[in-house]
Amino acid sequence: MTKSLIIDPARRRRPDTIRFSDIPVNAYQKTVKDEKGRFSKDELMRILRDMLIIRNFETMLNDIKTKGEHAGIAYSNPGPAHLAIGQEAAYVGQAYALDVDDYIFGSHRSHGEILAKGLSAIEKLQDDELTEIMKSFLEGKTYRVIEKTTKATTVKEVAKEFLIYGVLAEIFARETGFNKGLGGSMHAFFTPFGSYPNNAIVGGSADIATGAALFKRVNRKDGIVVCNIGDGSVGCGPVYESLNFAAMDQLRMLWEDGGGGLPIIFNIFNNGYGMGGQTTGETMAYGYAARLGAGICDTQMHAETVDGYNPLAVIDAYQRKRLLAKEDGPVLLEVLTYRMSGHSPSDSDSYRTKEEKELWANADSIESFKKQLVEAGVAEPGEIEAVAARTHEDIVNALRLSVDDSLSPRIDLERNPNLIADMMFSNERITSMDPSAKPEVRMPLEENPRVKQLKTKARFALDEKGNPVPKTKLYQLRDGLFEAIIRKFYEDPTLVAYGEDNRDWGGAFAVYRGLTESLPYSRFFNAPISEAAIVGSGVGYAMCGGRAVVELMYADFLGRAGDEVFNQMSKWQAMSAGILKMPLILRMSVGSKYGAQHSQDWSALCTHIPGLKVVFPATPYDAKGLMNAALNGTDPVIFLESQRIYDVGELFHEGGVPEENYEIEIGEPDIKKRGSDLTILSVGATLYRVLPAAKTLEEKYGVSAEVIDARSLVPFNYEKVVESVKKTGRIVVTGDACERGSHLKDFAQNISELCFDYLDAPPVVVGAKNWITPSYELEEYFFPQPDWIIDAVHEKILPLPGHVAKHRFTYTDQLDRLKKGV
């Protein structure tokens, strides 16, 4: 949404024609002989060496997987190994043209990409830089193995051994691997050489790499980003979302820095197959994947198809496209190649013929390149044989080291059973992700119109006479969120916020009203309605060293970003062995009034996934304090906000909401009302229905209820709850989530175990019905109400004198509902 662009009906309705430019296919047809003047002998021999290293590496893994040994070294590797025998020229050609500051992201089939990028970086880095990287990485644990055993006489040769060993040790789940064995084959990477995470989810790197390119653009960092995906991944929705996100019109038309789209090359390694489905002629419709660029933007993403069996063709393409990506990205490059290996070593290969494989074997890129080197007079056959022998030796040596338990142990979960648990969250506090940079803003903070307006607001909900402050004069929950976020924008220059309808409109439910005036487009913008790309790009942005607040508007839209939240946002800190941080906040509102697809509390989906912190504040004081804690942290936080209570004022914190910044520790519940006979643990907006219930229980039935506001779901410190139950002996857990499978049930289970000796009755859960959410007019029959809580206490915990229950909370009714699945 922007007022500066007018949609003119006369222009929009006039006749016109959409025109497309030709997309080059295999335009480069040169050989080594043609390019002798462009490459030195050393460079050409290095291209061959790098291809051979990858071929030998993958052949070794194939032998280990299928035969249980290689070169006389026996080993069993039960883990995955998606090999790329045949694709070496495509990998080496790409990496040859990239700088160390260029980042690559890959797929499940990316051993060759990591090796090629690393070998390229080694050639470009100085010896002292390489030495520092190797000695400092993981406190030198990987390097020491090489240092003890190497016969290399140069730093670059040592670095080559370090690279090959680090990747293989990771694949074999060794502590000396680049991610301590916690990433494995499909997630290995090495950031000092510009290799960022590979991804087991097909197409999973698309939106993450887009976020990395956003980080480079916003923070003016050197280099480009390359997103390596396969031809099969183009059938995945997040890939299309990412192509569009990287090319958004606003990047050219509205952002103040005057650049093009994002500096990214979407590299499609088209090997003809997506698992066993043939992408040309069977499962896809594009013919050439480069065709897709024409459907994204008027530059057609500078799309091109190149011959990935000729490393010089790939180098030529990357030398041209890299400059384009920096100046006028994004770029779409389709690299035609072929995998001689199956999808994995267990692949029966029944979907293709022996004759087809023989055709490609006869065109083998390595053998062809060897022949060209000899024919061009660059090298003698003996020189080539020597390179081949050395690369074979390099791989055998890495294998020998990687299977040696004394040199390459696995992490010791017997001695340190909490080792992985301790990596799930980084739990660091960093106020600015880049203290050396100055935040880009349009005006001083104190001049922001909303900041000035908030100085006039009443920060407590009741006046000095105890009367409610009018809404127009009241500091509300939405203001607490705004105040924390805008101040962080003035403190952390890397912070960006984006989502659906963020800018100009003021964001969903006016939380962001006032940010537009203070911030340039590059830090605060409207994203496409592309939930996967919104969250996935936030993951990539945070992974590269920035901080992001992304928003999906409604929690119901979480399903459209399921992989990005459940597999990406949550896992990369631990899968990287703590190398990566994830300072990313995902804001989602929990709705009401809008029916079955816009009024659901899906908190349980998030709390079920290890690696996510989940908070759900219900007061302005708590909202501001928890948002500040999330903004200063380095962990991924799901920040849930109830639409019902954006306009509530502060009723609990003495003195109201302070103007100055403060934090509330994530995981700490808060007692909102003291009591002695019954504990009520409330989640989110239900607090404001619990309080009337507590009042009725006390005034009508003489039951003193202690009300605890959970505030956080994960982590959660049970100490206050346990102490309360010790005192009361009874507890009700309530929230707006459908009861079955909810986090309310998790609370109840833990309380049962922790408080078994103190409970006079089992914990009782009062959640929403296990139905679709009905229309607003019927919500009182769906979401917990004060009389529900009273009835549940009466039927299941403590008979209330003279009380007649209106709602069905008996155990007989519960059994009936369970039997029916509702």
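Biologist: What is the relative accessibility of Lys593?

Modeller: We are looking at a predicted model, in which local features need pLDDT of at least 70 and side-chain atom pairs count only at pLDDT 80 or more, while totals for chains, interfaces and linings use all residues. Residues are numbered from 1 along each chain as its sequence is written, and side-chain values use heavy atoms, with hydrogens and water left out. Buried means under 20% relative accessible area, exposed over 50%, and partly exposed in between (1.4 Å probe, protein chains only). Lys593 counts as partly exposed, because its relative accessibility is 48%.

Biologist: Phi of Lys593 is near what value?

Modeller: Most residues other than glycine have a negative phi. Lys593 is found in the loop between strand E14 (584-590) and helix H22 (603-607); helices (H or I, at least four residues) and strands (E, at least two) are DSSP runs, numbered from the N terminus. Lys593 has a positive phi, near 80 degrees.

Biologist: Is Glu779 buried or exposed?

Modeller: Leaving out residues up to four places away in sequence, Glu779 touches Ser592, Lys593, Ser599, Arg644, Pro774 and Gln785, where contact means heavy atoms within 4.5 Å. Its relative accessibility is 5%, so Glu779 counts as buried.

Biologist: Let's turn to a helix. How far does H12 reach from its first C-alpha to its last?

Modeller: H12 covers residues 311-328, which is 18 residues.

Biologist: Which residue caps the N-terminal end of H12?

Modeller: Look for a side-chain oxygen that lies 3.0 Å from the backbone nitrogen of Leu312. Leu312 is among the buried residues of H12. The capping residue is Asn310.

Biologist: At roughly what angle do the axes of H3 and H12 cross?

Modeller: Two packed helices are described by the angle between their axes and the distance between the axes. Axes are lines fitted to C-alpha atoms, for helices over the stretch in contact, and angles run from 0 to 180 degrees between N-to-C directions. Residues in H3 (88-96), including Ala89 and Gly93, meet residues in H12, among them Val314 and Tyr318. The two axes come within 8 Å and cross at roughly 35 degrees.

Biologist: Which residue does a cis peptide bond join to Gly329?

Modeller: Most peptide bonds are trans. In this one, omega is about 0 degrees. The residue in question lies in the loop between H12 and strand E10 (331-336). Gly329 is joined by the cis bond to Pro330.

Biologist: How far apart in space are Ser676 and Val725, C-alpha to C-alpha?

Modeller: Ser676 lies in the loop between strand E17 (670-673) and strand E18 (678-682). Beyond four places in sequence, Ser676 touches Ser704, Lys727 and Thr728. Ser676 and Val725 are 49 residues apart in sequence, and their C-alpha distance in space is 9.1 Å.

Methods: The expected span of a helix is 1.5 Å times one less than its number of residues. A polar contact is a pair of N or O atoms within 3.5 Å; within protein, one must be able to donate a hydrogen and the other to accept it, and residues adjacent in sequence count only if both atoms are side-chain atoms.
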